[in-house]
There are 2 protein chains.
Amino acid sequence: MDYKTDIENKIKHSSINSPDNSNIIEKFVQKNQEKKIIAVQGLGFVGSVMSLVCANAINGDYAIIGIDLPTKRGKSIINSLNNGIFPLVTDDPKIEEFFLNTIKKNNFIATTETESYKFADIIIVDINLDVEKNNDYSGELIDYDVNLDSFKKAITTIGENCKQDALILIESTVPPGTCKNIVKPIINNCLKKRKLSSDKIKISHSYERVMPGPGYIDSIQNFFRVYSGVDEKSADAVESFLHTIIRTDEYPLTRLGNTNATEIAKVLENSYRAMNIAFAVEWSRFAEEAGVNLYEVVNAIRLRPTHANLMYPGIGVGGYCLTKDALLASWAKQNLIGNSEPLLQSEKAISINDQMPRFAFEFLENNYSKIRNKKVLLLGISYRGDVGDTRSTPVEKLYDYLLESGAKINCHDPYVNYWDEKSINVEQNIAKGLKDSLDIIIISTGHKIYKNSKTIDMILSLKPIFIYDTVGLLSKGHIEKLSKKHRLKVLGRGDL
Amino acid sequence: MDYKTDIENKIKHSSINSPDNSNIIEKFVQKNQEKKIIAVQGLGFVGSVMSLVCANAINGDYAIIGIDLPTKRGKSIINSLNNGIFPLVTDDPKIEEFFLNTIKKNNFIATTETESYKFADIIIVDINLDVEKNNDYSGELIDYDVNLDSFKKAITTIGENCKQDALILIESTVPPGTCKNIVKPIINNCLKKRKLSSDKIKISHSYERVMPGPGYIDSIQNFFRVYSGVDEKSADAVESFLHTIIRTDEYPLTRLGNTNATEIAKVLENSYRAMNIAFAVEWSRFAEEAGVNLYEVVNAIRLRPTHANLMYPGIGVGGYCLTKDALLASWAKQNLIGNSEPLLQSEKAISINDQMPRFAFEFLENNYSKIRNKKVLLLGISYRGDVGDTRSTPVEKLYDYLLESGAKINCHDPYVNYWDEKSINVEQNIAKGLKDSLDIIIISTGHKIYKNSKTIDMILSLKPIFIYDTVGLLSKGHIEKLSKKHRLKVLGRGDL
């Protein structure tokens with residue numbers, strides 16, 4: 001491919017190979033002295049792509065310094081980026097196009113060097129802020145905690161190095177109250193220690209709505225944004241900046257009154273989805289008891305415009321946001337903004353969703369009793385269809401339950417070749433290595449490929465005796481056809 | 001008005017005046033012998049309007065016998081209907097038009113005579129099935145029970161009289177499992193006692209989605225329907241019937257696999273809305289603590305297509321469905337279909353929503369401390385904007401809290417002149433009877449009239465010192481304008 005050759009040539013002639021050397025960053029800044037400098041803190045699923053969007057701003061000219069921790073993972077991402085290989089597997093063609101552009105323009109460099117913040121006019125924070133969850137074996141949420149230490153540390157490295165008039169944009173999902181009660185005091189305190197005034201610093205919050213997958217770039221560049229600042233000048237500054245990277249003519253910005261408001265908006269969004277899913281979970285169990293196909297019911301109800309967003313039940317909720325954001329909010333309500341009662345309803349939703357893999361497993365057990373020594377093929381380990389992201393994937397719990405029941409499991413996923421969390425290899429060819437007969441096939445991720453007839457033929461050639469569609473990927477008609485033609489038992493959740 | 005004169009003439013020349021006389025029903029049937037006879041059981045908010053829709057079928061010719069109980073309320077409705085006065089106050093012009101048509105065609109009669117079922121080809125059940133709720137003073141739901149006795153009795157009167165090949169259509173909201181486990185056995189048993197075969201009886205379920213208000217008729221005639229039967233022939237029969245009264249070309253019917261499925265669909269729909277509201281309630285309290293205007297946050301989030309149905313928090317949930325349907329479902333899950341755990345999440349939603357009037361009252365107390373002896377005007381007592389329906393209205397609880405705090409309360413509602421549940425008169429003219437100065441005005445129902453500038457001027461002429469918008473009817477701009485211009489405190493929920 002032309003692209004790759006071009007990239008490889010660029011790499012050969014590039015001087016970037018030692019990202020931890022601050023001289024190189026200085027040279028990069030000098031080369032880009034006409035441009036405003038943006039530092040992006042955190043180069044994960046959001047920061048790496050946000051960097052690309054900024055480097056290809058629709059209405060501005062920026063040079064980007066991506067900064068991550070000197071951990072094994074951090075260094076690997078940095079090396080990859082500096083060597084012309086984008087670190088995420090994705091099927092969004094714009095990612096490659098945008099990345100190639102940055103290489104051509106030489107306006108994106110990655111480093112572990114925290115001193116680099118001193119060059120930045122704008123600093124974007126895209127780091128994780130984790131919730132420590134404690135679930136029992138059944139998946140029920142026992143308790144949880146939020147530890148702000150590493151977040152505070154990260155903000156401190158900014159405060160110790162940043163220009164006194166920098167615009168700091170927090171994009172991370174944080175417990176509401178963080179910008180006002182955590183970020184601002186830390187930054188001001190650092191500036192004070194450096195004997196600098198904190199009058200000109202601008203601290204703002206505008207959360208991303210990044211959606212990995214085919215519309216990865218568009219989920220930043222062509223999507224609505226909500227923003228705020230700790231004061232008027234901060235809000236104005238971030239507004240001006242967002243206009244340069246987002247198509248705000250089509251997707252207008254919304255300013256909210258204060259940073260608490262935007263921080264709440266973000267976690268509210270994700271809690272709302274988690275809640276809708278938990279609702280579907282509870283009702284799907286009822287439907288199962290009543291011999292009712294809930295997918296059919298939901299389809300009928302979704303005809304109503306007011307109910308079009310009703311969710312389907314499935315194997316579980318995964319990913320980085322839906323599994324924890326309600327807890328961030330509830331924690332903040334108890335510890336950061338006030339000290340009142342938790343968001344009980346939203347916490348309960350997380351707990352219900354965390355139990356979904358068990359419900360799916362119990363459903364399998366009830367319909368196919370002897371799992372011991374059975375050969376099981378899991379189709380999909382990613383938490384979301386057509387994406388290679390295994391963070392908090394519900395398939396992990398299902399895998400554990402199956403393993404413990406004595407099943408012999410193989411996993412397939414076209415987007416993942418190694419399952420980090422389980423340290424196992426993942427098949428990328430369904431037929432390969434599975435030449436023997438199979439007992440149970442579980443469709444565990446809604447990858448579109450599992451719907452196509454070629455794949456289904458391949459699955460059938462393995463002569464399973466039981467197919468269990470945990471994600472409702474196969475239609476009722478499809479299931480009936482398979483059942484009749486191949487005399488095998490096919491179960492979708494809710495099809496009794 | 002021409003209409004009324006015409007109706008009055010019809011009444012004068014009508015022979016209908018003693019609805020409890022079965023001879024008159026027989027005569028009515030004879031007169032309409034070319035037509036199929038439909039009996040509608042229950043003439044409340046659904047049955048009375050359903051009768052009109054059937055009497056004006058788009059694709060069939062029916063005569064309707066409306067049947068209600070010989071209670072004071074039942075008899076009053078029946079007399080009203082038979083005397084050419086539609087018993088519900090409504091602003092849907094189609095109601096009057098449809099009703100006038102039935103008088104012209106003489107194809108609608110009302111009676112308490114249960115023997116009338118014997119004439120019916122189709123029997124539609126539109127009676128209430130109540131949940132007995134036990135809330136504590138704060139609104140929290142302590143426990144609840146479902147009593148099927150009167151429902152069973154009603155079905156028995158049908159079984160004792162119906163033709164052996166009648167189509168029985170249950171439209172009432174029932175605990176899932178009712179058609180299969182309650183209705184069918186009762187009808188079959190009655191037929192057996194009458195030494196009739198139960199081979200030809202057809203029992204079906206298709207829930208209404210009636211929405212009182214300007215689109216009352218359309219909410220039946222021009223809206224999606226979900227249906228099912230206890231067997232194939234029942235489902236086929238109700239399908240044919242529904243085609244004759246609903247514009248199914250534009251709003252296609254959906255058949256579900258069994259009556260459990262449609263029964264679940266109905267209560268699921270309303271539980272889903274109740275849940276969405278409960279979600280907004282919990283978060284609005286969080287927003288209040290954080291000094292955030294939740295309306296603003298919700299508006300920002302609703303730009304996302306996947307989040308467009310996010311609800312606004314308000315004074316509370318009222319009406320007949322949202323306050324109880326989740327409990328019907330949870331009860332059925334524990335008692336009628338299975339004996340498993342309740343639908344905890346949905347039950348909790350009902351309990352949270354039941355506490356909303358208290359939250360609204362506490363919000364008022366926190367922002368306007370001394371309520372004793374203050375003159376309060378409640379704008380709206382109906383549970384829903386632009387509708388005159390006080391069933392389970394949340395304003396009732398707010399009224400109680402205010403009264404107990406020593407406030408002097410007046411109520412205004414353009415759609416209600418007497419508040420049954422409280423036995424008090426309701427003003428229909430804001431200025432009338434309120435010539436003295438006022439302290440607090442509470443917008444307690446989202447009637448559009450409260451938004452119009454003429455009304456607002458009238459409100460302001462009462463010189464209140466505090467306006468509390470519990471339903472988010474006034475925009476932020478509106479509130480600011482009022483606050484500045486008139487130097488009064490205006491609070492929307494969430495505007496701190």
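User: What should I know before I start?

Analyst: This is a predicted model, where local features need pLDDT of at least 70, side-chain atom pairs count only at pLDDT 80 or more, and totals for chains, interfaces and linings use all residues. Residues are numbered from 1 along each chain as its sequence is written, chains are lettered from A and ligands numbered from 1 in the order in which they are written, and side-chain values use heavy atoms, with hydrogens and water left out.

User: Let's start with charges. How many salt bridges are there over all chains?

Analyst: Here's the general idea: side chains of opposite charge can pair when their charged atoms come close. The cut-off for a salt bridge is a side-chain nitrogen of Lys or Arg within 4 Å of a carboxyl oxygen of Asp or Glu. A search of the whole structure turns up 42 of them over all chains.

User: Which residue meets A:Arg209 in a salt bridge?

Analyst: That's A:Glu269, at 2.3 Å from N to O. A:Arg209 sits in the loop between strand E8 (202–205) and helix H8 (218–221) of chain A, and A:Glu269 in helix H10 (residues 259–289) of chain A, so the pair ties together parts that are 60 residues apart in sequence. By the way, helices (H or I, at least four residues) and strands (E, at least two) are DSSP runs, numbered from the N terminus.

User: Are A:Arg209 and A:Glu269 buried or exposed?

Analyst: Both A:Arg209 and A:Glu269 are buried. Buried means under 20% relative accessible area, exposed means over 50%, and partly exposed is in between, using a 1.4 Å probe and protein chains only. Those areas come from the Shrake-Rupley method, and for residues, only the protein chains shown count as cover.

User: What does A:Glu341 pair with?

Analyst: A:Glu341 forms a salt bridge with B:Arg285, and their closest N and O atoms are 3.8 Å apart. A:Glu341 is in the loop between helix H12 (325–335) and helix H13 (344–354) of chain A, while B:Arg285 is in helix H10 (residues 259–289) of chain B, so this pair joins two chains. A:Glu341 is partly exposed at 41% relative accessible area, and B:Arg285 counts as buried at 18%. There's also a network of salt bridges that links A:Arg285, A:Glu289, A:Arg358, A:Glu362, B:Lys333 and B:Glu341.

User: Which residues form a negative surface patch?

Analyst: Look for A:Asp130, A:Glu132, A:Asp143 and A:Asp145. Patches are made of residues with over 30% relative accessible area and no salt bridge, with like charges joined within 9 Å and nonpolar side chains (Val, Leu, Ile, Met, Phe, Trp, Tyr) within 5 Å. Lys and Arg count as positive and Asp and Glu as negative, while His and the chain ends are not counted. The place of a charge is taken as NZ of Lys, CZ of Arg, CG of Asp or CD of Glu. One member, A:Asp143, is in strand E6 (residues 141–146) of chain A and is partly exposed, with a relative accessible area of 42%.

User: Now the rings. How many aromatic pairs does the structure hold?

Analyst: A pair of aromatic rings is described by the distance of the centres and the angle of the planes. Rings of Phe, Tyr and Trp (its six-membered ring) pair if their centres lie within 6.5 Å; planes under 30 degrees apart count as stacked, over 60 as edge-to-face and the rest as tilted. The structure holds 24 such pairs over all chains. Among them, B:Tyr137 and B:Tyr401 are edge-to-face, with 5.2 Å between centres and 85 degrees between the planes. The pair links distant parts of the chain, 264 residues apart: B:Tyr137 is in the loop between strand E5 (131–135) and strand E6 (141–146) of chain B, and B:Tyr401 is in helix H15 (residues 395–404) of chain B. B:Tyr137 is partly exposed at 47% relative accessibility, whereas B:Tyr401 is buried at 4%.

User: How many residues of helix H3 of chain A are buried?

Analyst: In helix H3 (residues 47–55) of chain A, 9 of the 9 residues are buried, so the helix is largely enclosed by the rest of the structure. Its buried residues include A:Gly47, A:Met50 and A:Cys54.

User: And what about phi? Which value does B:Lys195 have?

Analyst: Most residues other than glycine have a negative phi, and most peptide bonds are trans. B:Lys195 has a positive phi, near 60 degrees, and is not a glycine. B:Lys195 lies in the loop between helix H7 (178–193) and strand E8 (202–205) of chain B, and counts as exposed at 75% relative accessibility. B:Ser392 also has a positive phi, about 50 degrees.

Key:
Areas by Shrake-Rupley, 256 points an atom, 1.4 Å probe, with all protein chains shown as cover.
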